[in-house]
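I opened my notebook to record what I looked up in this structure. The entries follow the order of my reading.

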Amino acid sequence: MRALFSALLLAGVVVVGLLLLVASLSEAADGFYLVAPPAGPSGAAGGNAVNLSAPLSSWERRGFYDASAACFSALNAYRIETRSRLQGSPEAGSAVALLEQTRAEHTRCVYANDPRLK
């Protein structure tokens with residue numbers, strides 16, 4: 001009887017351990033990516049433009065965050081940093097600066113399990 005009780009107790013501990021492991025693995029898969037749209041040729045002018053219609057899987061992943069608040073905080077910091085860096089730059093009105101600013105404005109946070117990322 002004592003051996004049966006010990007075996008059941010051990011089985012319970014193993015099951016709980018496995019459930020905790022699965023929960024921690026699924027939490028690791030959750031999170032948010034900070035993604036920026038790719039730049040692509042704009043056509044006849046030969047310059048680059050932000051390609052907002054590109055599939056999300058081709059967007060640049062700029063960071064991974066465990067929580068949406070952390071991702072949105074990073075997004076705001078990235079936009080502010082880009083804006084302030086370009087404003088003080090000698091090429092502030094250039095096509096490169098405009099492209100970079102447009103990419104920053106359209107960068108967004110996306111749930112890591114979003115099927116469009118695949």
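Is Cys-71 buried or exposed? I found Cys-71 buried, with a relative accessible area of 0%. Buried means under 20% relative accessible area, exposed means over 50%, and partly exposed is in between (1.4 Å probe, protein chains only).

Before going on, I noted that this is a predicted model, where local features need pLDDT of at least 70, side-chain atom pairs count only at pLDDT 80 or more, and totals for chains, interfaces and linings use all residues. Residues are numbered from 1 along each chain as its sequence is written, and side-chain values use heavy atoms, with hydrogens and water left out.

**Entry: the disulfide**

I looked for disulfides (pairs of cysteine sulfur atoms within 2.5 Å) and the structure holds 1. It joins Cys-71 to Cys-109, with 2.2 Å from S to S. The torsion about the S-S bond of Cys-71 and Cys-109 is about -105°, so I wrote the disulfide down as left-handed. Cys-71 lies in helix α2 (residues 68-87) and Cys-109 in strand β5, so the pair ties together parts that are 38 residues apart in sequence. Helices (H or I, at least four residues) and strands (E, at least two) are DSSP runs, numbered from the N terminus. I also checked Cys-109, which counts as buried at 15% relative accessibility.

**Entry: the aromatic pairs**

How many aromatic pairs does a search of the whole structure find? I noted 2. Rings of Phe, Tyr and Trp (its six-membered ring) pair if their centres lie within 6.5 Å; planes under 30 degrees apart count as stacked, over 60 as edge-to-face and the rest as tilted.

The ring centres of Phe-32 and Tyr-111 are 5.5 Å apart and the planes are at 65°, so I listed this pair as edge-to-face. Phe-32 lies in strand β1 (residues 32-36) and Tyr-111 in strand β5 (residues 108-111), so the pair ties together parts 79 residues apart in sequence. Tyr-111 is partly exposed, with a relative accessible area of 37%.

Tyr-33 and Phe-64 form an edge-to-face pair, with 5.2 Å from centre to centre and 65° between the planes. This pair links Tyr-33 in strand β1 with Phe-64 in strand β4 (residues 60-65), 31 residues apart. Phe-64 counts as partly exposed at 34% relative accessibility.

**Entry: the whole chain**

I counted 3 helices and 5 strands in the protein chain. Along the sequence, the pattern reads α-β-β-β-β-α-α-β. Of the 118 residues of the protein chain, 26% count as buried.
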